[in-house]
Amino acid sequence: MTPQQRTPAGRASADRLGRLLNLVPYLLARPGIAVAEAAADFRISERQLREDLELLWVCGLPGYGPGDLIDMALDGDRVTITYDAGIDRPLRLNPDEALALVVALRMLAETPGIGSRDAIERALAKIENAAGDLADAPVAVRLPANTQRVDAIRGIVERRRAMRITYYTPARDETTERIVDPMRVLMVGNRAYLEAWCRRAEATRLFRLDRIDAFTELDEPAVPPARAVPHDVTDGVFHPGQDLPLVTVRVGRGSRWITEYYPCEEVRRDGDEWVVTMRVTDLGWAQRLLLGLGSDVTVVGPAALVERIREQATLALDQYAAPATGNA
């Protein structure tokens, strides 16, 4: 099978949500359409379309019982929507839903560096107008800590000063102190990053602002070397290279979400399981992720990761088997 390249998690999830919302009215207008034809119109594979249809089968109205969920007839290679769960009716929000949407849009409008702010403001104005007096409820949305941190670090960048930062790296589960030469502050996937030359790593690095535990502006100027090249973040922050460890796992239905959240090189169906191949920056990070998923995931390779997980699982079982100590 040709490796299936996945887009970053946020984009993949957003693309699929938009496709699912368009898929129901599309199928309603074309009863009995061939799966291949529908897949071609949406520019996706037939396999992806069938997976979308499987997901639609468990979508619907609150209650999620018979008569609440979207239903369809899949006759061989042709599909027909038999019940749309009211998706063709105009949306009418109840007071709680309208207020929640107003709050969410106000929060989005306050997020530093967010794009399409004009579109957010227009949508907010329409919903507030439709909500009437409810939109005037005493709810104020501010993100002071986030805004202050972004502004403070952006100020250091503009003053071209070096920084000392205390940074947490989840891949290695460690906190380190570094001196960096800031280059710019940017937003990628609704997260703020400091791009800087790291003197410790002797390379350009992207530091997530919410993982910087502490920072200090230094008196010395920031002088990134000529080889400090900015990252191309057009397709996200993480770009797995061929030099990174390749991990292969078998996942059950409950853990398929990892294929949407993390970039994968290949995803293929094998019976009721999916075989997922992905590159990771660190085997320790992969170990913690996969152990957290429990019995729904089986690690196929590499052998070093299989052995690390076996040792960790054995140690945990030994702890449970050991008799309790202490005074009665």
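These are my notebook entries on what I looked up in this predicted model.

**Ground rules.** I number residues from 1 along each chain as its sequence is written, and I leave hydrogens and water out, with side-chain values resting on heavy atoms.

**Overview.** I began with the secondary structure and found nine helices and twelve strands in the chain; helices (H or I, at least four residues) and strands (E, at least two) are DSSP runs, numbered from the N terminus. The chain has 328 residues, of which 36% are buried, where buried means under 20% relative accessible area, exposed over 50% and partly exposed in between, with a 1.4 Å probe and protein chains only. The exposed surface comes to about 19500 Å², and carbon and sulfur atoms supply 52% of it, by the Shrake-Rupley method with a 1.4 Å probe. I also looked at contacts (heavy atoms within 4.5 Å): among those between residues at least 6 apart in sequence, 57% join residues at least 24 apart.

**Nonpolar cores.** I take a nonpolar core as a set of buried Ala, Val, Leu, Ile, Met, Phe, Trp, Tyr and Cys residues joined through side-chain atoms within 4.5 Å. The largest has 21 residues, and those with the most contacts inside it are Val247, Val249, Val251, Val276, Leu290, Val299 and Leu305. Two or more residues each come from strand E9 (246-251), strand E11 (273-279), helix H8 (283-293), strand E12 (297-301) and helix H9 (303-321), and H8 gives the largest share, five residues. I then followed Val299, which, leaving aside residues up to four places away in sequence, touches Thr248, Val249, Leu290, Leu305, Val306 and Ile309. Another core, of 19 residues, lies apart from the largest one and includes Val24, Tyr26, Leu27 and Ala85. On H9 I also checked Ala313, which lies in that helix and is partly exposed at 32% relative accessibility; its C-alpha atom is separated by 8.1 Å from that of Leu291, 22 residues apart along the chain.

**Aromatic pairs.** I count rings of Phe, Tyr and Trp (its six-membered ring) as paired if their centres lie within 6.5 Å, with planes under 30 degrees apart called stacked, over 60 edge-to-face and the rest tilted; the count comes to two aromatic pairs. Tyr26 and Phe42 form an edge-to-face pair, 4.9 Å centre to centre with 80 degrees between the planes. Tyr26 belongs to helix H1 (residues 9-28) and Phe42 to helix H2 (residues 35-42), so this pair ties together parts 16 residues apart in sequence. Tyr26 counts as buried, at 10% relative accessibility. Tyr167 and Phe207 have ring centres 5.0 Å apart and planes at 80 degrees, so their pair is edge-to-face. This pair links strand E4 (residues 161-169), which holds Tyr167, with strand E7 (residues 203-208), which holds Phe207, 40 residues apart. Tyr167 is buried at 8% relative accessible area, and Phe207 is buried at 2%.

**Strand pairing.** I treat two strands as paired if DSSP finds at least two bridges between them. E4 pairs antiparallel with strand E8 (residues 212-221) over six bridges, and Ile165 stands opposite Phe215 in E8. E4 and E5 also run antiparallel, joined by seven bridges, and Thr169 has Glu174 as its bridge partner in E5. Elsewhere I found an open sheet of three strands in the order E1-E3-E2, with antiparallel pairing. Strand E1 (33-34) and strand E2 (71-75) are at its edges with a single partner strand each, so one side of each is left without a neighbour in the sheet. E2 and strand E3 (residues 78-83) pair over five bridges, and Asp75 has Arg78 as its bridge partner in E3.

**Asp181.** Is this residue, Asp181, buried or exposed? Asp181 is in strand E5 (residues 174-188) and is buried, with a relative accessible area of 2%. I looked for polar contacts, meaning pairs of N or O atoms within 3.5 Å where, within protein, one must be able to donate a hydrogen and the other to accept it, and residues adjacent in sequence count only if both atoms are side-chain atoms. The side chains of Asp181 and Arg199 are joined by one of 2.9 Å, and a polar atom of the Asp181 side chain lies 3.1 Å from the backbone nitrogen of Val223. Not counting residues up to four places away in sequence, Asp181 touches residues including Ala162, Trp197, Arg199, Pro221 and Val223.

Definitions and conventions:
This is a predicted model: local features need pLDDT of at least 70, side-chain atom pairs count only at pLDDT 80 or more; totals for chains, interfaces and linings use all residues.
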